[in-house]
Amino acid sequence: MNVNLVATNDSPSIENHNNILIEEINNIPSRGCKSLILNHVLNYLTDEQLEEVLEKLRHGGSISVTSPDAMEASSALYWGTIDINTFSSLTAGRLKQYTILDVKNFFEQRGYSVETATIQDLSFHVKARRP
């Protein structure tokens, strides 16, 4: 099973992945996913939900996370490369903010192998594999 975790029903689909709402994480079988994608939904998850998401990934499976980077957004606001409205659109209504280092460390502390960790514009992308 390949899952694209989404915050709303109108989220775009990703080829070869089933859209599953955050609230429906419990419907995904434990260790049932070969691929998990979290495209701009990480900030809507509680810590408990994030741990639960990891339980859905099978050994050898991959998880890809793309999310606004808190440090990049803060720096851009400070240096005036984005305005307060843009900053607010990246941070308002979210449960938690993350940086690329937060997510990379999160995976590594759980024994995951981080395959890529990049920043582009104001967002990071981290791809990790479960051992």
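Are Phe107 and Tyr112 buried or exposed? Both of them are buried. Keep that in mind as you look through this structure, which is a predicted model.

Start with the aromatic rings. The structure holds three aromatic pairs. In one of them, the rings of Tyr78 and Trp79 have their centres 4.9 Å apart. The planes of Tyr78 and Trp79 stand at 90 degrees, so this pair is edge-to-face. The cut-off for that label is over 60 degrees. Now check the surroundings of these two residues. Tyr78 has a relative accessibility of 65%, so Tyr78 counts as exposed. Trp79 is exposed too, with a relative accessible area of 66%.

Go back to Phe107 and Tyr112. The centres of their rings lie 5.6 Å apart. Their planes meet at 40 degrees, so the pair is tilted. An angle under 30 degrees would count as stacked, and one over 60 as edge-to-face. Ring pairs join Phe106, Phe107 and Tyr112 into a cluster.

Next, find Ser62. Where does Ser62 sit? Ser62 is part of strand E4, which covers residues 57–68. Its relative accessibility is 8%, so Ser62 counts as buried. The limit for buried is under 20%. Which residues does Ser62 touch, leaving aside its neighbours within four places in sequence? Ser62 is in contact with Lys34, Ser35 and Leu36, with Leu57, and with Lys127, Ala128 and Arg129.

Notes: Residues numbered from 1 in each chain as written. Predicted model: local features only at pLDDT ≥ 70, side-chain atom pairs only at ≥ 80, totals over all residues. Heavy atoms only, no water. Helix = DSSP H or I, 4+ residues; strand = E, 2+ residues; numbered from the N terminus. Buried < 20%, exposed > 50% of the residue type's maximum accessible area, 1.4 Å probe, protein only. Contact = heavy atoms within 4.5 Å. Phe/Tyr/Trp six-rings, centres within 6.5 Å; stacked < 30°, edge-to-face > 60°.
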